[in-house]
There are 2 protein chains.
Amino acid sequence: MARPLSFRRETAVAAATRTFLRRGLHATSAEDLCRATGLGRSSLYNSFGSKDGLFAECLGDYLGATRERGEAFLSDADLPVLDRIAALLRFIAAEEAERAAAGEPRGCLAVNTVAELADDPEHAESMRRIDEDTDARLRLLTDALRAGQAAGEVTAAVSAEGLAAFVNAAIAGLRITSQGGTAADRLDDIVATALRALAP
Amino acid sequence: MARPLSFRRETAVAAATRTFLRRGLHATSAEDLCRATGLGRSSLYNSFGSKDGLFAECLGDYLGATRERGEAFLSDADLPVLDRIAALLRFIAAEEAERAAAGEPRGCLAVNTVAELADDPEHAESMRRIDEDTDARLRLLTDALRAGQAAGEVTAAVSAEGLAAFVNAAIAGLRITSQGGTAADRLDDIVATALRALAP
DNA sequence: CCAATTTTGTACTGACTATTCCAAAACCTG
DNA sequence: CAGGTTTTGGAATAGTCAGTACAAAATTGG
């Protein structure tokens, strides 16, 4: 019925996400996004409405993918809870090491967005989505950890909610210190130490 | 010999630091800084040269103060190493809780700057200073933890360097999750859990 | 091949950005 | 109080920003 788009939306979003991860929202210009995605200004605004619109889509996709992956790791009912959490943390450390080796941007879009936009009233909606996502992740972790406590596989020295908050903070710490340049084997040390905290 | 400045440099830097912490470097305009400090444009540029110059001074002061405070906590030779690290982590959690209660900006300027500027070649100098500071902090932690291992007060399951990297990541995680809105008692849980990881 | 519809490239706009310029005011030393 | 020096306020400047207008090109259904 009409002319079709000359690009795949999802690859454009992926390229934009890399740029936002590398530079942040404020430091990324519309021209940067055109360069990164290969789109012209008109195509970009025609498809995504605005820079903030594109960012919202990037963030939404990123949160969705991250959440799915987290659920995949944590819901593997055959493994002890600690092993599932260990697998998740090791995956994150390995992903960061891989990106470092490939010269790709390190760190986490959600973490960086909190750092950049937490107090920006113009982007409260983005923060709301991150909050929502964090809550879901915390619930998942809390449930898993509580089950682990009941099975005696996880320490009961701290509440399941508290342990979940710790795991969440450890992931954030892992990602930023990686972005700050921590070496791959140190990331493994961080994971190993964090796991010690959860053991009975 | 000439007209003196009508403001105290250190209070202007403190006000600018709060603004940079709240909004980040890119989202803070020269006008924002004038409003926050009460200075006129001319005074600001006359005293600090440029927005980046003022930021560099804010970051330098912040890193210096943070480092001094860390040293004060860690060098208290009368206390067991774990107690010193516990005091440091509890102080950070308490500071975050206090700022949350007072409506002041939460989080850490160094952490946020890594998130914002890690891949920005125009601000490599700021990153270099943060790297330098991080290295110093890691050395301090490593030495303390190694002594603790020798005394049997700290686990030897991970190298002292690895444990130091963990503590550093835990602090970063604490500060960002706080910025993301974590409640005060959850911050205490995170601290308690992190400390468990270091015990023998 | 035509007509309707959508995408795309280019040039443009108004608002905002950091920074500078200049003249007037304020201050300290003598 | 005068001379020299510096700060200060306010206007101006050059550049970049996100977003738009519009006409030409591309595509599909008939």
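Because the model is predicted, local features need pLDDT of at least 70 and side-chain atom pairs count only at pLDDT 80 or more, while totals for chains, interfaces and linings use all residues. Residues are numbered from 1 along each chain as its sequence is written, with chains lettered from A and ligands numbered from 1 in the order in which they are written.

Start with chain A. It has 9 helices and 0 strands. Helices (H or I, at least four residues) and strands (E, at least two) are DSSP runs, numbered from the N terminus. Read from the N terminus, the order is α-α-α-α-α-α-α-α-α. The C-alpha atoms of chain A fill a box of roughly 60 × 35 × 35 Å, taken along the principal axes. Of its 200 residues, 43% count as buried. A residue is buried if 20 or more other C-beta atoms lie within 10 Å of its own, exposed if 12 or fewer, and partly exposed in between; C-beta atoms are placed from the backbone. Contacts rest on the C-beta atoms too: two residues are in contact if these atoms, placed from the backbone, lie within 7 Å. Among the contacts in chain A with a separation of 6 or more, residues 24 or more positions apart account for 65%.

Now take α4(A). Its 24 residues should span 34 Å at 1.5 Å a residue, and its end C-alpha atoms are 34 Å apart, which agrees. The expected span is 1.5 Å times one less than the number of residues. Buried residues in α4(A) include Leu54(A), Phe55(A), Cys58(A) and Leu59(A). Tyr62(A), Leu63(A), Phe73(A) and Leu74(A) are buried in α4(A) as well. The buried residues of this helix pack against α1, α2, α3, α5 (81–102), α6 and α7 of chain A.

Axes are lines fitted to C-alpha atoms, for helices over the stretch in contact, and angles run from 0 to 180 degrees between N-to-C directions. From α8(A), the contact uses Leu163(A), Phe166(A), Ala170(A), Leu174(A) and Ser178(A). α9(A) answers with Leu187(A), Ile190(A), Ala194(A), Ala197(A) and Leu198(A). By class, this contact has 9 nonpolar, 1 polar and no charged residues. Here Ala, Val, Leu, Ile, Met, Phe, Trp, Tyr, Cys and Pro count as nonpolar, Asp, Glu, Lys and Arg as charged, and the others, Gly among them, as polar.

Ala124(A) lies in helix α7 of chain A. It is partly exposed, with 13 other C-beta atoms within 10 Å. Ala110(B) lies in helix α6 (residues 109–117) of chain B. With 24 C-beta neighbours inside 10 Å, Ala110(B) counts as buried. Leaving out residues up to four places away in sequence, Ala110(B) touches Tyr62(B), Leu63(B), Thr66(B) and Ile130(B).

Chain B also shows a helix pair. Helix α5 (residues 81–102) and helix α7 (residues 124–150) of chain B pack at an angle of about 145 degrees, their axes 9 Å apart. Val81(B), Leu82(B) and Arg84(B) of α5(B) meet Ala144(B), Leu145(B), Ala147(B) and Gly148(B) of α7(B). This contact has 5 nonpolar, 1 polar and 1 charged residues.

Next, the contact between the chains. It takes 45 residues from chain A and 45 residues from chain B. On chain A, the elements giving two or more residues are α1 (9–23), α6 (109–117), α7 (124–150), α8 (160–179) and α9 (184–198). α8(A) gives the most to this side, with 13 residues. The side of chain A that touches chain B has 20 nonpolar, 16 polar and 9 charged residues.

A residue is near a strand if its C-beta atom, placed from the backbone, lies within 6 Å of it. Of the 24 residues around DNA strand C, Ala2(A), Ser6(A), Gly40(A), Ser42(A) and Ser43(A) come nearest. Two or more residues each come from α3 (41–48) of chain A and from α2 (30–37), α3 (41–48) and α4 (51–74) of chain B. α3(A) gives the most, with 4 residues. DNA strand D is surrounded by 24 residues, the closest being Ala2(B), Ser6(B), Gly40(B), Ser42(B) and Ser43(B). The surface near DNA strand D divides into 9 nonpolar, 8 polar and 7 charged residues.
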